[in-house]
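Me: I would like to go through this one by definitions. Please set each value against its cut-off.
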Amino acid sequence: MKFRRFRAIARKEFIHIFRDPLSLGMAVAIPMLLLVLFGYALTLDVDNVGMIVWDQDETPTSRNFISRFGGSRYFNIRGYAQNYRDVVRALDTRNAMSALVIPRGFEGQIGAEQPASVQLFFDGTDANTATLALGYAEAVASEFSIEVLTRQLKMVDGRHMVLPLDVRPRVWFNAELESKNFIVPGLIAIIMMIISALLTSLTIAREWERGTMEQLISTPVKSSELILGKLLPYFAVGMFDVLLAVLMGEFLFNVPLRGSVVLLFIMAGIFIPGVLALGMLVSILTKSQLMASQMAMVLTFVPAMLLSGFVFPISNMPKVIQFVTYLIPARYYVAIQKGIYLKGIGLRYLAGDAILLVAFGMVIIFLAIIKFKKTLN
Amino acid sequence: MFERIRHMLVKEFIQILRDPRMRYFIFVPPIIQLFIFGYAATMDVRHIATAVYDLDNSVASRELVGRFVGSGYFDIFEHVDTNERATELMNRSLVRVILRFDAGFQSSLLAGQSAPVQLIVDGTDSNTAGVVLQYGTKIAQQFSKDRFTERLARTLGVTPASPGLTIQTRTWFNENLESRSFYIPGLIAIIVMLTTLTLTSMAVVREKEIGTMEQVMVTPIRPAEFILGKTVPSATIGIIDMIIIAVIAVLWFGIPIRGSYLLLLFATGLYLMTSLGFGLLISTACQTQQQALMITFFFFFPAVLLSGFMFPIQNMPRIVQWITCVNPLRYFMVIIRGIFLKGIGIDILWPQMLALFLIGVATLFLATKRLHKTLA
Amino acid sequence: MTAESVKNGKAVVVHNLERRFDGFVAVNRISFEVSAGEVFGFLGPNGAGKSTTIRMLCGILAPSGGQGTVAGLDIWTQAERIKYHIGYMSQKFSLYADLTVEENINFYSGIYRIEPSRKQERKEWVIEMAGLKEHRHSLTGTLSGGWKQRLALGCAILHEPPILFLDEPTSGVDPISRRRFWNLIYELSGKGVTVFVTTHYMDEAEYCDRIGLIYRGELIACSTPETLKKEYMPETVLDMQCDRPQEAMDLIEKLPAVREVALFGKGLHIVTEHSDEATAAIRSRLGAEGYHIEHIDVIVPSLEDVFVSLIETHDRMEKPLEEVKR
């Protein structure tokens, strides 16, 4: 491998990138857009779930119970129904996602120490929100229930009884339980896969389509010089995107970074070449830009979003799929990112994943170099 | 004129379908994506790896641990002896919960005092952390209530008649609260949009880039015919993709279609109009396929993220919610979920369909005007 | 990088070279040789196999059969080494449209690893040769055909290769640029560079030292232009000037002695196997209809005549074979 040829290729690719400000702008704008969206607009935290209430009892007790819901951050009372049809209508039109029905005689039953029950309806369409909202609702009801019990006891005995169990929940690593704290670090991984899919998957196919590749393969340039030379500029773009993302995370979104920044960049530097080379491999194999982009999307970006643990936790997936995720480099990088950001862990824990990423990168680059043939057909 | 359109259509279809790899990629990736999503995309929380740090090691503590296991949600990964080991397991993400009992747990319980138990949760994935906390707390509280009732019975010799308050919950539309039923219909919308967007935008630009655009301009073809020629093939592929995915969704994943098929097709048609309109609009803005791809994604990502597909719109800041009003995906998401899971009809869905129609017409009109300038 | 790498004074040697694409035979067992310093033209219609042949010789397309050497190196086993000793100009003169003239030159400079000491000199030489002094900072995509062509040539010879392969270098270029281009070729040839050119322009073929006529993958003739014109055509060509040539043509076509008639300029070219017989027949036929004939002369056939004749002969021989195959 000769340095001068490599340098000529790299220089040319840099020129291509900078002469196409639209694409370059997109390469920077898309990550920024995603970061802003995830940082500000998107959250998986469940708040203000719409609720419609049908209070058939209309007593102080029932109103007290209702206020537990309305007063919490999780629920937002959208209206009061007068009949069943109102409830159905509210849920159908998505005016409310949940409905609380309190039967007549609620207060009476509570006072008379008889079993009382209320009904909660949920629109299960959005399973995620529904599950969480259900949990909250049950928690609210549970608390109310215990209070009732305690009061009943007091009236019987006068003694103040304590609950047997003092449950102390503690949250490590993301005590604020803010989804953006775990999404932003993982997002950086996704961004890299996107850039790889979009940019590098086109570069070689484009030269074939335009005819310049035919010229190039008649020269002494080696496959390794071509691949690595083309990789270098995109690597620079990628690292710049990572820098941007880290800065935005730090100053714009206040995502806490508990680990070492240096380690963060080193890990990015290990992850990016493999992912870029994957895009390039697709370009080599398809020789058509349209096809390359379709294939690249399926191979890089879709698995990154779905199977890397970025949003959907891997441990929740069926075993078979979990097995598949071991083959996806983004999985390791997302774990590394989250680890460095939220847990503040270092190489001691991350070495294994890091080595795997290095191996992955080397294998893909090697494959790209071998698969690139300096002949037509 | 129809002759020309027909010829153009034939040429487009041939170009797209001639290459076997292209045929493969138009149909196979959507199906693969569907399967991956169908199985991987779940927020359901199960098999929560737990570390048990039991310094009390009593009947009571073991019973409580047993309840956790018995709930079916928690899997015990390891019984740890030291704080360091527990921390290490959390650091390595091998466990997500530490259940910690200090010495004296049982004795506190028996003495009628409040016995502390620590539920330490890995908050990294805050969403699942929230669910884990809820499950854990619920189990512990149930244990607490049971003990309480026992205590009462022992102390006072009475069993309180009322076990307090019970809640009956019923879930509509997606009774098992399966994430999959939520995501898959939405996925249809996304895949169809992605395919038609990229095909349309890149198809037009491809001609510009390779240079055949000039030849097209020299022929007597009219702009409308050109547009039809470019959009009909994409639209056809879009509909075929939709049907394939819907069939798989229903037959394999068991997602019900409770509403009208006809309405679904009609709504998809409206939706495709918007997709094609945007695709064409994008193609007028760039010279190379690479640019087309980049711009497409620049608009596609926010479209998906702000559609209510995964992130509830109601939780977004007000300004952003307003922005989603021009996102066709938002409306189609409601329509497709409504038809699949809720079985609602046009009487409820008409606002969304109207919105789609308006957006579609607007984008197609704009795109046609711009293309006019290029071609005429 | 000098002519000493050429074996026995032969720059290119090809024997029974063959290339198939899925059952279609693009190059059908052709054999020829090109001497060092020669300007060798490969002439033929589109789809005849010219580009395919040149690509095999440049090492960018693997042959299906046969043997060949370029600069003494085997095209099967030493294709990569060949690339050090050749310059190639592909049909699309593929330069990078979004790079400037200077950037394109610098790029190829780097690719061919031109010594730093010579780099500037070679660059200036190419710019001068191509006449691009004022355009060194222009984007290549904005240049017109003639300039692009010369720039592409320049980039192909930066490293002063002993052998040059040019695939349809003048297609789509104006006649003045074409002439200028061929002057450059002659200059290079004068310096001892072997130039292998493919073209479908008959007049350009005349500029070559030797021509290979290629049709449907077969080499149907290979010689100097002179020899081809004098010896390869079994028929004679008559040039006739008369009035109402169009109508005259209709009359003459039917004469048995006349093989073929075509309009040529203001008159007619007539192809015949028996020139005396034909001349007499024509004079009598036209004379009977009252045409005034200015002159009928035997002329040296143009290469186009030769080529057409050879092709037709080839087709006539091929036809029965084809039917047997089917």
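Me: How do you know that helix H1 of chain C lies across E1, E2 and strand E4 of chain C?
Reply: Two residues are in contact if their C-beta atoms, placed from the backbone, lie within 7 Å. H1(C), residues 50-58, lies across E1, E2 and E4 (65-70) of chain C, running at about 120 degrees to E1(C). Axes are lines fitted to C-alpha atoms, for helices over the stretch in contact, and angles run from 0 to 180 degrees between N-to-C directions. Helices (H or I, at least four residues) and strands (E, at least two) are DSSP runs, numbered from the N terminus.

The model is predicted: local features need pLDDT of at least 70, side-chain atom pairs count only at pLDDT 80 or more, and totals for chains, interfaces and linings use all residues. Residues are numbered from 1 along each chain as its sequence is written, with chains lettered from A and ligands numbered from 1 in the order in which they are written.

Me: What makes E1(C) and E2(C) a pair?
Reply: Two strands pair if DSSP finds at least two bridges between them. Eight bridges join E1(C), residues 10-21, to E2(C), and the strands run antiparallel. Phe21(C) stands opposite Phe24(C) in E2(C).

Me: Why are E2(C) and E5(C) at the edges?
Reply: The open sheet has the order E2-E1-E4-E5 in chain C, with antiparallel pairing. E2 (24-35) and E5 (73-74) of chain C each have a single partner strand, so one side of each is left without a neighbour in the sheet.

Me: Which strand of chain B is joined to E5(A), and how many bridges join them?
Reply: Eight bridges join E5(A) to E4(B), residues 115-122, and the two run parallel. Trp172(A) stands opposite Asp122(B).
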